[in-house]
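Subject: The structure I promised you

Hi,

Have a look at it first, and then read on for what turned up.

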Amino acid sequence: MRPVAILGAAMTKFGVSEKTNLEMFAEAGLEAIARSRLEPRDMEALFFGNCLGDFEEGQLHMAPFAHAELGLPVSAPATRFESACATATVATRHAALLVGAGVYDVVIAGGTERATKMGTSLATRTFAMASQAQHESAAGITFPGVFAMATHLYAHKYNIPLKDLKRHMAGVAVKNHSHGSMNPKAHFQKKIDIDTVLGGMMVADPLQLFDCCPFSDGAAAVIVADAAKAKDLIKDPVYIAGMGQASCGPLYVQKDLTRVLAREASIAQAYKEAGIGPDDLDVIELHDCFTIAEILALESFGVYGFGKAYDAATKGETTLNGSRVVVNPSGGLKAKGHPIGATGAAQLTEIVEQLRGESGPRQVEGARIGLVDTLGGDLGTVCNIILTNGVN
């Protein structure tokens, strides 16, 4: 594998949009191409993420239409990826693999989603279709239900009173909304407090409203290129140091929901390829679809031991200027938003900007190494990408 870099990266504002999926992706994609000092005709392939375009807009097979909106050459193939919430991260990983293998020199990857178009009821039903249909969906499982069970199991396994665990989970929400208040492209840009979280309506016991990320619209894209050519195009390319991807089966195979087995396998691959460990990370964008999910992720990464990350946010260890590692400076899925087909590319955009020192008031000082973590389905798919700015 030859070294691979990310040139331009861009995202639309996340939230509720009147633009179509294709319009949002064109906005993000053309900005990423322009930031790379390239033209659409320079793209050799499109790795395009979208999950629910058929339910949102009656549109399947969206990749070639996104290709046309960007003005890519006919010779550049456009391929759609679907890996539930990990869609755009998986698309980018496959783009990087083919660039690393020498098949392409410059490609575009990313995704788009317009979840709010469906309304809450249909969005909840369609998201739950990423669960196993025969044994999970048929039993009424939804994602809030899965992470609610994980919360109860975590409290029992580690002998933490549920009331105390919920207060620490609320600390995750408060932290990420505080970070989001500094992100002009976040869905929610308002700080909240512990009482607001604990006073929210119940969604799936014990998860309350502010334990859950929103349905969002948005798009994001990155330009992936041969690292040998990157320096000729922009002054500050960001390099892909390591990647991992792993899969697990339905919940009855996974059994212990407090251990995300696919994540543990995926991050081990990424650490090995990058030649680093958890203590080397400066900034992390991870999949906080629910507050308990951030706690489980930090333990899977090895940043904390199992059963030890639950109070990291309330101790101030994972906030900007915190004492350990900065987690979700963008606001995370909780505050930045979660348009599922775009989420991974937006996480990459945040890390790229952090490593370039472009993040304004939410900048992580001296950030050199960043981790992207995206979870697909009910713990079934995980993809990790470690980035570095090449500064020792």
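Predicted model: local features only at pLDDT ≥ 70, side-chain atom pairs only at ≥ 80, totals over all residues.

I'd begin with α12 itself, which covers residues 291-301. Of its 11 residues, 11 are buried, so this helix is largely enclosed by the rest of the structure. The buried set includes Thr291, Glu294, Glu299 and Ser300 as well as Ile292, Leu296 and Phe301.

What surrounds a helix like that? Two other helices are worth a look here. In general, a packed pair of helices is described by the distance between the axes and the angle between them.

Take α6 (residues 143-157) to begin with: its axis comes within 10 Å of the α12 axis, and the two cross at roughly 60 degrees. The two helices are therefore oblique to each other, and α6 passes α12 in a left-handed crossing. On the α6 side, the residues in contact are Phe147, Ala150, Thr151 and Tyr154, and they meet Ile292, Ala293, Ile295, Leu296 and Glu299 of α12. Sorted by type, the residues of this contact come out as 7 nonpolar, 1 polar and 1 charged.

Now try α7. The axes of α7 and α12 come within 8 Å and cross at roughly 95 degrees, and the pair is therefore roughly perpendicular. Here Met169, Val172, Ala173, Lys175 and Asn176 from α7 meet Thr291, Ile292, Glu294 and Ile295 from α12. This contact divides into 5 nonpolar, 2 polar and 2 charged residues.

**Charged pairs**

Side chains of opposite charge can pair when their charged atoms come close. How many salt bridges does a search of the whole structure find? It finds 15.

- Lys175 and Glu294 meet through their side chains, with 3.0 Å from N to O.
- Lys157 pairs with Asp256, and their closest N and O atoms are 2.7 Å apart. Lys157 belongs to α6, while Asp256 lies in the loop between α10 (251-254) and α11 (261-274), 99 residues away. Lys157 is partly exposed at 38% relative accessibility, and Asp256 is partly exposed at 28%.
- Glu57 pairs with Arg114, with the closest N and O atoms 3.0 Å apart. Glu57 is in helix α2 (residues 53-57) and Arg114 in strand β4 (residues 106-114), so parts 57 residues apart in sequence are tied together. Glu57 is partly exposed, at 28% relative accessible area, whereas Arg114 is buried, at 8%.

There is also a network of salt bridges, and it links Arg2, Asp105, Asp226 and Lys229.

**A phenylalanine in a loop**

Next, find Phe215 in the loop between β6 (207-208) and β7 (217-226). Phe215 counts as partly exposed, with 24% relative accessibility. Which residues does Phe215 touch, leaving out those up to four places away in sequence? They are Ala115, Thr116, Thr120, Ala123, Thr124, Phe127 and His187. Phe215 and Gly15 are 200 residues apart in sequence, yet their C-alpha atoms are 8.1 Å apart in space.

Most residues other than glycine have a negative phi, and most peptide bonds are trans. Here are some spots that go the other way.

Arg37 is not a glycine, but its phi is positive, about 60 degrees. You'll find Arg37 in the loop between α1 (21-35) and β2 (46-49), and it is exposed at 68% relative accessibility. Asn321 also has a positive phi, near 65 degrees. Asn321 lies in the loop between α12 and β10 (326-327) and is exposed, with a relative accessible area of 73%.

Finally, the peptide bond between Asp205 and Pro206 is cis, with omega about 15 degrees. Pro206 is in the loop between β5 (202-204) and β6.

Conventions: Residues numbered from 1 in each chain as written. Heavy atoms only, no water. Axes fitted to C-alpha atoms, helices over the stretch in contact; angles between N-to-C directions. Helix = DSSP H or I, 4+ residues; strand = E, 2+ residues; numbered from the N terminus. Parallel < 35°, antiparallel > 145°, perpendicular 65-115°, else oblique. Left-handed = near helix turned anticlockwise from the far one by under 90°. Contact = heavy atoms within 4.5 Å. Nonpolar A, V, L, I, M, F, W, Y, C, P; charged D, E, K, R; others polar. Salt bridge = Lys/Arg side-chain N within 4 Å of Asp/Glu carboxyl O. Buried < 20%, exposed > 50% of the residue type's maximum accessible area, 1.4 Å probe, protein only.
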